[in-house]
Amino acid sequence: MSTTRATADPLAALGSLPGVAESVESVRKAVDRVYGHRVMRRRSHAVTSEAALRGARGSAALSGADWALEEVRRRSDFGADDEARVVGAALRLTAEAGQLLSVWRQSPLRVLARLHLVAAATGGDEVGRPRRAGEGADEPLVELPLPGADEVSGRLDGLSELIIAESSAPALMTAAVVHGELLALRPFTSHNGLIARAAERIVLIGSGLDPKSICPAEVGHAEQGRASYVAALEGYVSGTPDGMAAWIAHCGRAVELGVRESTAVCEALQRGAA
């Protein structure tokens, strides 16, 4: 975010980047449409549950466990192998995200530590804290240079301050920056992609854009493909106006694709087919 640090509200300043205002408006209209669906008046809990499942599946797919939705729905044992553990971690994070909204506004770093504990589900010394000097990060999808422990600490503190300050920026922009910063930093020794996408979910819910959590951006990120995801992240890491705008647009498109997924769920519920 080096291009915006000099401003009083660096997140809000991103709104002046080319195409960002259009992305924000397009997302808002898409979310409004699905919230206005007649099924949402009677069966919103069912849509929320299905969105959570599909979002977890999408996030796991980006982390290398690309299972069919029905396999995720059917399975109960998520400790059998590496892919199963990734899917289990994604499901746990999706369930946990909605429980952490009030803490997020006051202490984002506590929430991130909690998310790592939930994802890792082990008692190792490295769990629930940022990486220390000399520790690596297991995130095969992201091959960008890994920031050192001191840089991670400083940038996490800066991100926390931005969140606590309650920027006037639209939810999409805040969510995109939180997501991109966590992926760029990879602050934990494992599960960073899953955690970054869970944090994006928390921002979208807590901001009021998607209070019922029915617009799974993880679905959209997965649908756009891993190559597109990594290319957009590289734009964020570059810090250039075009790169930042491209990342925000990518995240906006992910939300819109999540809306499309939940609209299909609403239509199926209306027909009595789901």
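**Helix packing, core and local backbone in a predicted model**

Leaving aside neighbours within four places in sequence, Ser23 is in contact with Leu172 and Ala249, where contact means heavy atoms within 4.5 Å. Ser23 belongs to helix α2, residues 20-35; helices here are DSSP runs of H or I with at least four residues, numbered from the N terminus. With a relative accessible area of 14%, Ser23 is buried. Buried means under 20% relative accessible area, exposed means over 50%, and partly exposed lies in between, with a 1.4 Å probe and protein chains only.

Before I continue, a word on the basis of these values. This is a predicted model, in which local features need pLDDT of at least 70 and side-chain atom pairs count only at pLDDT 80 or more, while totals for chains, interfaces and linings use all residues. Residues are numbered from 1 along each chain as its sequence is written, and side-chain values use heavy atoms, with hydrogens and water left out.

Not counting residues up to four places away in sequence, Ser167 touches Asp9, Leu11, Ala12 and Leu162. From Ser167 to Pro10 the C-alpha to C-alpha distance is 8.3 Å, although 157 residues separate them in sequence.

I turn now to helix packing. Two packed helices are described by the angle between their axes and the distance between the axes. Axes are lines fitted to C-alpha atoms, for helices over the stretch in contact, and angles run from 0 to 180 degrees between N-to-C directions.

Helix α7 (residues 108-120) packs with α8 at an angle of about 120 degrees, their axes being 9 Å apart. That makes α7 oblique to α8; angles under 35 degrees count as roughly parallel, over 145 as roughly antiparallel, 65 to 115 as roughly perpendicular and the rest as oblique. On the α7 side, Pro108, Leu109 and Leu112 meet Leu156, Asp157, Ser160, Ile163 and Ile164 of α8. By class, this contact has 6 nonpolar, 1 polar and 1 charged residues. In this classification Ala, Val, Leu, Ile, Met, Phe, Trp, Tyr, Cys and Pro count as nonpolar, Asp, Glu, Lys and Arg as charged, and the others, Gly among them, as polar.

The axes of α10 (residues 192-206) and α11 (residues 217-224) come within 9 Å and cross at roughly 135 degrees. This makes α10 oblique to α11. Which residues of α10 and α11 meet? From α10 they are Arg197, Glu200, Arg201 and Leu204, and from α11 they are Ala217, Glu218 and His221. The contact of α10 with α11 has 2 nonpolar, 1 polar and 4 charged residues.

Let me stay with α11. Its buried residues are Ala217, Glu218, Val219, Gly220 and His221. These buried residues pack against α3, α9, α10, α12 (226-238) and α13. After α11 comes Gly225, with a positive phi near 95 degrees.

Next, the core. A nonpolar core is a set of buried Ala, Val, Leu, Ile, Met, Phe, Trp, Tyr and Cys residues joined through side-chain atoms within 4.5 Å. The largest one has 84 residues, of which Trp104, Leu112, Leu115, Trp247 and Val255 touch the most other members. Helix α13 (residues 241-271) supplies the largest share of this core, 11 residues. Leaving out residues up to four places away in sequence, Leu115 touches Leu93, Glu96, Leu100, Ile195, Ala198 and Ile202.

As for aromatic rings, those of Phe, Tyr and Trp (its six-membered ring) pair if their centres lie within 6.5 Å; planes under 30 degrees apart count as stacked, over 60 as edge-to-face and the rest as tilted. By this rule there are 3 aromatic pairs. The pair of Trp67 and Phe78 is stacked, at 6.4 Å centre to centre with 25 degrees between the planes. Trp67 lies in the loop between α3 (44-62) and α4 (69-74), and Phe78 in the loop between α4 and α5 (82-97), 11 residues apart. Both Trp67 and Phe78 are buried. Ring pairs also link Tyr229, Tyr236 and Trp247 into a cluster.

Finally, two backbone details. Ala121, in the loop between α7 and α8, has a positive phi near 55 degrees although it is a residue other than glycine. Ala121 is exposed, with a relative accessible area of 52%. His191, in the loop between α9 and α10, is not a glycine either, yet has a positive phi of about 60 degrees. With a relative accessible area of 22%, His191 is partly exposed.
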